[in-house]
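My plan is to look things up one at a time and jot down what turns up.

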2 protein chains.
Amino acid sequence: MLDIAIIGAGPAGLSAAINGVTRNKRVMVFGNKPTSSLIYKAEQVNNYLGMYGVTGKEMIEQYVDHAKSMGVPMHIGKVIQIFSLGDYYTLNVENEFFEARTVIIATGLPMVKMLPKEEEFIGKGISYCATCDGMLYKDKDVVVFGETHEAEKDVNYLSEICRNVHYVHQYKDVKHINHTVNSIHGKPKEIIAGDYVEGLKLKDQELKGNAVFLLRETTPVSKLISGLEMNGKTIQVNRHMETNISGIYAAGDCTGTPYQISKAVGEGLIAALSAVTYIDRQKAA
Amino acid sequence: MLDIAIIGAGPAGLSAAINGVTRNKRVMVFGNKPTSSLIYKAEQVNNYLGMYGVTGKEMIEQYVDHAKSMGVPMHIGKVIQIFSLGDYYTLNVENEFFEARTVIIATGLPMVKMLPKEEEFIGKGISYCATCDGMLYKDKDVVVFGETHEAEKDVNYLSEICRNVHYVHQYKDVKHINHTVNSIHGKPKEIIAGDYVEGLKLKDQELKGNAVFLLRETTPVSKLISGLEMNGKTIQVNRHMETNISGIYAAGDCTGTPYQISKAVGEGLIAALSAVTYIDRQKAA
């Protein structure tokens with residue numbers, strides 16, 4: 001079991017990781033390739049103390065090299081959901097499962113824009129995880145929205161258990177989709193729903209289904225774990241980077257402004273040390 | 001007038017400074033020589049993201065170089081007191097005076113150990129500032145405690161206006177003391193007081209005086225400005241690094257644990273941005 005699972009490989013996540021390792025904890029960082037960071041494209045970053053006149057690319061590379069030098073293991077993959085299991089957590093990372101005593105959420109800027117009616121129908125037909133919820137819709141009709149190729153394996157899984165699968169993809173060249181799937185290039189406009197989800201509205205058509213699976217690159221952070229207290233679009237934390245759920249911490253842009261590297265790095269450190277304290281207390285008990 | 005006066009030239013202060021400059025504000029850093037930092041003596045620092053395997057000396061030098069590259073002005077000197085003057089502040093820096101719209105306190109670890117009865121007799125004969133309070137004791141007897149040579153000019157000033165000056169110095173080679181001063185090598189044990197201060201007790205003698213001036217290297221941070229809300233020995237701040245006094249911010253070790261560079265750097269950034277918002281709002285009003 002991991003001591004600390006860190007979601008996000010940006011400045012906050014990597015700072016948490018090196019500090020977890022420093023305190024002799026088993027950590028793992030889950031995230032996208034560091035080259036996908038927005039900082040990576042920055043022409044120059046001058047306000048992170050000690051590194052003057054560096055490009056975003058140089059900065060990210062130094063960060064990643066630092067983490068690698070300290071033996072931080074990184075796992076490229078998207079964390080879909082976190083489940084609480086008493087005194088530890090299980091993370092579903094694209095259907096690989098990892099156990100961890102604590103979790104630090106460092107997913108960066110809250111960039112997901114939800115669809116009309118999406119929020120209110122979560123648990124009533126809106127899902128972010130085919131593996132988790134697919135069986136609920138066995139022999140029924142479902143609509144799946146995918147942002148990247150990554151969604152296709154989930155589409156195929158659903159096509160094996162559901163009656164009809166409509167797959168709405170916003171990217172162009174679909175790769176491996178079962179022939180039974182109704183594949184549509186397009187963008188969702190809003191959820192169709194009465195008491196329960198009834199389908200998905202696109203620009204020029206409506207697709208009927210008992211569930212809508214939204215397989216985006218990023219899961220809305222508030223949906224990662226059930227019951228996480230938010231403050232608008234950002235995660236509510238105190239000065240120890242504790243969320244309202246014990247053992248779950250947050251750091252960096254996902255906790256709110258200022259969206260700055262130094263803040264993220266500082267919060268990553270604090271979150272890691274809070275997690276370390278929590279783990280040591282738990283092990284002693 | 002300065003936009004932001006920053007007290008402390010450690011990681012928190014320098015991070016605040018480079019971010020103030022980035023936002024086009026007039027800043028000045030007041031502090032000791034950076035070589036006096038505790039970090040300077042660290043053999044290796046590995047947990048500040050992006051700088052792996054550096055010595056404390058290298059780290060501090062890179063920090064100072066960064067600040068210099070961005071044109072941050074530094075003033076070596078001890079801030080004795082901050083006075084509120086309505087919508088701006090005046091800083092007494094060893095009897096040079098500076099005006100500033102906002103102040104960021106980044107004085108580091110709360111290392112001053114107060115004497116028995118010191119806290120309760122502040123304003124009743126305990127003083128940290130000869131220039132500020134000396135005239136109150138004209139033609140009276142005072143005891144002065146000095147930690148370094150820096151105190152000597154204040155001792156001489158007091159010797160010109162007071163009747164008897166006892167000077168207790170914890171360092172050995174006193175340099176320039178007026179011949180009227182009663183000079184004693186020793187360490188204070190406690191304040192002697194009834195309703196008001198009556199003197200200072202040493203290990204083997206008692207010195208009578210109407211006031212005791214404690215001229216330490218560091219002023220207790222809670223005494224820098226009147227009314228500053230503390231949380232034990234650390235300054236009470238919220239997540240914007242705001243203290244209870246508007247226009248006064250704090251960052252780094254003086255706001256509490258963890259005593260770590262990343263936290264200090266992050267808080268310095270946040271304090272600077274909060275000060276910038278405050279200044280811009282004030283200028284717009």
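Predicted model: local features only at pLDDT ≥ 70, side-chain atom pairs only at ≥ 80, totals over all residues.

Below are my entries, in the order I made them.

**Entry: what kind of model**

**Entry: where the chains meet**

I started with the interface. I found 34 residues of chain B in contact with 34 residues of chain A. Together the two chains bury about 2,800 Å², and 65% of that is on carbon and sulfur atoms.

Next I looked up the polar side of it. The rule gives 14 residue pairs in polar contact across the interface of chain B and chain A, both partners at pLDDT 80 or more. I also asked which elements of chain B give two or more residues to the side that touches chain A. They are helix H1 (11-22), helix H2 (56-69) and helix H5 (261-284) of chain B. H5(B) brings the largest share, eight residues. Sorted by class, that side of chain B has 16 nonpolar, 14 polar and four charged residues.

How many salt bridges are there between chain B and chain A? I get two. I wrote down Arg239(B) with Glu267(A), whose side chains meet in a salt bridge at 2.5 Å, N to O.

**Entry: Asn19(B)**

I picked a residue in helix H1 of chain B, namely Asn19(B). Is Asn19(B) buried or exposed? Its relative accessibility is 2%, so Asn19(B) counts as buried. The side chains of Asn19(B) and Asn47(A) are joined by a polar contact of 2.8 Å. Leaving aside residues up to four places away in sequence, Asn19(B) touches Asn47(A), Leu269(B) and Ala272(B).

**Entry: helix H5 of chain A**

I then turned to helix H5 of chain A, residues 261-284. This helix has 24 residues and reaches 35 Å from its first C-alpha to its last, close to the 34 Å expected at 1.5 Å a residue. H5(A) is mostly covered, with 18 of its 24 residues buried.

**Entry: Tyr89(B)**

Tyr89(B) sits in strand E5 (residues 89-93) of chain B. I wanted to know why Tyr89(B) counts as buried. The reason is its relative accessibility of 3%, because buried means under 20%. A polar atom of the Tyr89(B) side chain lies 2.6 Å from the backbone oxygen of Ser246(B). I also checked Met1(B): 88 residues separate Met1(B) from Tyr89(B) in sequence, while their C-alpha atoms are 9.6 Å apart in space.

I went through the backbone for cis peptide bonds. In chain A, the bond from Thr257(A) to Pro258(A) is cis, with omega near -10°. Pro258(A) is in the loop between strand E17 (248-250) and H5 of chain A. In chain B, Thr257(B) and Pro258(B) are joined by a cis peptide bond, with omega about -5°. Pro258(B) is placed in the loop between strand E17 (248-250) and H5 of chain B.

Then I looked at phi. Asp139(A) has a positive phi of about 65° although it is not a glycine. I located Asp139(A) in the loop between helix H3 (130-133) and strand E8 (141-146) of chain A, and at 51% relative accessibility Asp139(A) counts as exposed. Asp139(B) also has a positive phi of about 65° without being a glycine. For Asp139(B), the place is the loop between helix H3 (130-133) and strand E8 (141-146) of chain B.

**Entry: salt bridges**

Lys223(A) lies in the loop between strands E14 (211-215) and E15 (230-231) of chain A, and Glu119(A) in the loop between strands E6 (96-105) and E7 (126-127) of chain A, so the pair ties together parts 104 residues apart in sequence. Lys223(A) is buried at 18% relative accessible area, whereas Glu119(A) is partly exposed at 46%.

Arg163(B) forms a salt bridge with Asp141(B), with the closest N and O atoms 3.0 Å apart. This pair links distant parts of the chain, 22 residues apart: Arg163(B) is in the loop between helix H4 (152-161) and strand E9 (164-169) of chain B, and Asp141(B) is in strand E8 of chain B. I noted Arg163(B) as exposed at 57% relative accessibility and Asp141(B) as buried at 16%.

My last item is a network of salt bridges that links Asp3(A), Arg101(A) and Lys283(A).

Technical notes. Residues numbered from 1 in each chain as written. Chains lettered and ligands numbered in written order. Heavy atoms only, no water. Contact = heavy atoms within 4.5 Å. Buried area = accessible area lost by both parts, 1.4 Å probe. Salt bridge = Lys/Arg side-chain N within 4 Å of Asp/Glu carboxyl O. Polar contact = N/O pair within 3.5 Å; in protein donor to acceptor, adjacent residues only side chain to side chain. Helix = DSSP H or I, 4+ residues; strand = E, 2+ residues; numbered from the N terminus. Nonpolar A, V, L, I, M, F, W, Y, C, P; charged D, E, K, R; others polar. Expected span 1.5 Å × (residues − 1). Buried < 20%, exposed > 50% of the residue type's maximum accessible area, 1.4 Å probe, protein only.
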